[in-house]
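Me: Hello! I am new to this structure and would like to learn how to read it. Could you walk me through it?

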Amino acid sequence: MGLARKLLVVWITASLLFQNSSNVEGRYHYHKNLPIISSLASPPDAQGPSSPDTPPSVPYPNDPGNSSTNCVFDVTSFGAVGDGCADDTAAFTAAWKAACAVESGVVLAPADFCFKITPTIFTGPCKPGLVFQVDGVLAPLNGPDSWPKADKLKQLLLFYQLDQMSFTGKGTIEGNGQNWWDLPCKPHRGPNGSTVSGQCESPALIRFFMSSNLVVSGLQIQNSPQFHIKFNDCEGILVEKLSISSPKLSPNTDGIHIENTKGVGIYNSLIANGDDCISIGPGCSDVDIESVTCGPSHGISIGSLGVQNSQACVSNVTVRNIVIKESDNGLRIKTWQGGTGSVTGVSFENIQMENVMNCIIVDQYYCSAKACLNQTSAVHVGDISFRNIKGTYDVRRPPIHFACSDTVACTNITLSEVELLPEEGELVDDPFCWNAYGNQETLTIPPINCLQEGEPETVVEQSTYSC
């Protein structure tokens, strides 16, 4: 187990055990070779990677069977109907207020109900050990026409200023995103290479903001209008055993997005969607991702970074024991021209690719518009390793692509045991490199002869991209 992961697990475990020891008996659900949960994200005969050799011992969030009756606040006791039609927002906010006021309180949305709510802020601070448990279905009112016109939240569920809180359950968070994806605002790729209309200012489904020591586990999260789950300005995050799914062509439906967030562990989850499986934005550090199956998706991305000449810093990221399949990208770092800052200390290890375009890509010319001007400054990309990356690629794109800035070279890229073969067709033996420096510890398939050894002749002033 990596040092970052050990520290994260110890930190969150100690916090939850301390706060829940008085009236809750922790239940441990981790075992060696624990299978990843099955879901719509993966066909029945598909198997994800096995669990880590030393899985984390984190207490599973409380349920009513393990909590004092006085600490369980069932939303149906506060007037929730759960018939899939009634607006149950008031019942959820009342249950939250009651649970927030006691230690180890549980907001319970029980099984066999479908609760509809409008955009809601669940705010703290609250007493420690709070649990929001969804065992039924929780969904917004249907489509853009039902979204409150005056709402500026841009997400269905916003959890704000919380510490030592768990969001868990055996239920489903349903986004009802279908009516959002085809709004006539943003063109996106459609079936058979067509271009269709796309989303406007569509909302995310779940967002955590300015919160710490969080556990998110066990839920099925699906069909979000935009991002499924976001963490902004948070610290100490454990995400595990989630199933996230939306159609392959649903626009901007990132699975998990983190930004300005530190100390993150994402484990044992299945993600299938129309955009990045996991996206890591600026201001993130100490991120550990392991035993996740992605696909279809756009892979695991760092970025985009440096938009509108901004500074962006990402460091100490480990991605290992991952399956990526039927995806437009595999492992990607993307930055805009004109930014500053750096991406450093990133390790990709033990990655299985299945029919993936752009298996390994560093793109420092990222541009979402038709044309972007060439600029001299850039986010520095360095100390990036790719080890034991194997599988098959879609021959429409070269499997390895390093497009680094003209003026700020990529440095210290390490390749070891990279073996990528075409899913069908002939071997594409022309990887692309531009201003990329590093070394190959072993021969690669396909051979890559364009990676330059040593250091660039011109080194940008360290203060330009230091974080």
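Reply: Happy to; we will look at paired strands and then at salt bridges. This is a predicted model, where local features need pLDDT of at least 70, side-chain atom pairs count only at pLDDT 80 or more, and totals for chains, interfaces and linings use all residues. Residues are numbered from 1 along each chain as its sequence is written, and side-chain values use heavy atoms, with hydrogens and water left out.

Me: Which strands pair with β28, and over how many bridges?

Reply: First the terms: strands (E, at least two residues) and helices (H or I, at least four) are DSSP runs numbered from the N terminus, and two strands pair if DSSP finds at least two bridges between them. Here, strand β28 (residues 380-393) runs parallel to strand β26 (residues 340-356), with 11 bridges joining them. Strand β28 also pairs with strand β30 (residues 410-422), again in the parallel sense, over 10 bridges.

Me: How many salt bridges does the structure hold?

Reply: Side chains of opposite charge can pair when their charged atoms come close. The cut-off used is a side-chain nitrogen of Lys or Arg within 4 Å of a carboxyl oxygen of Asp or Glu. The structure holds six such salt bridges. One of them joins R320 and D288, at 3.3 Å from N to O. Because R320 lies in strand β24 (residues 311-325) and D288 in strand β22 (residues 284-294), this pair ties together parts that are 32 residues apart in sequence.

Me: Are R320 and D288 buried or exposed?

Reply: Buried means under 20% relative accessible area, exposed means over 50%, and partly exposed is in between (1.4 Å probe, protein chains only). R320 is buried at 16%, and D288 is buried too, at 3%.

Me: Which residue forms a salt bridge with R387?

Reply: That is E441, with the closest N and O atoms 2.9 Å apart. The pair links distant parts of the chain, 54 residues apart: R387 is in strand β28, while E441 is in the loop between β32 (436-440) and α4 (462-465). E441 is partly exposed at 44%, and R387 is partly exposed at 29%.

Me: What about D394 and R396?

Reply: Their side chains meet in a salt bridge of 2.7 Å, N to O. D394 is buried at 13%, whereas R396 is exposed at 63%. Elsewhere, salt bridges that share partners join D276, R332 and K334 into one network.
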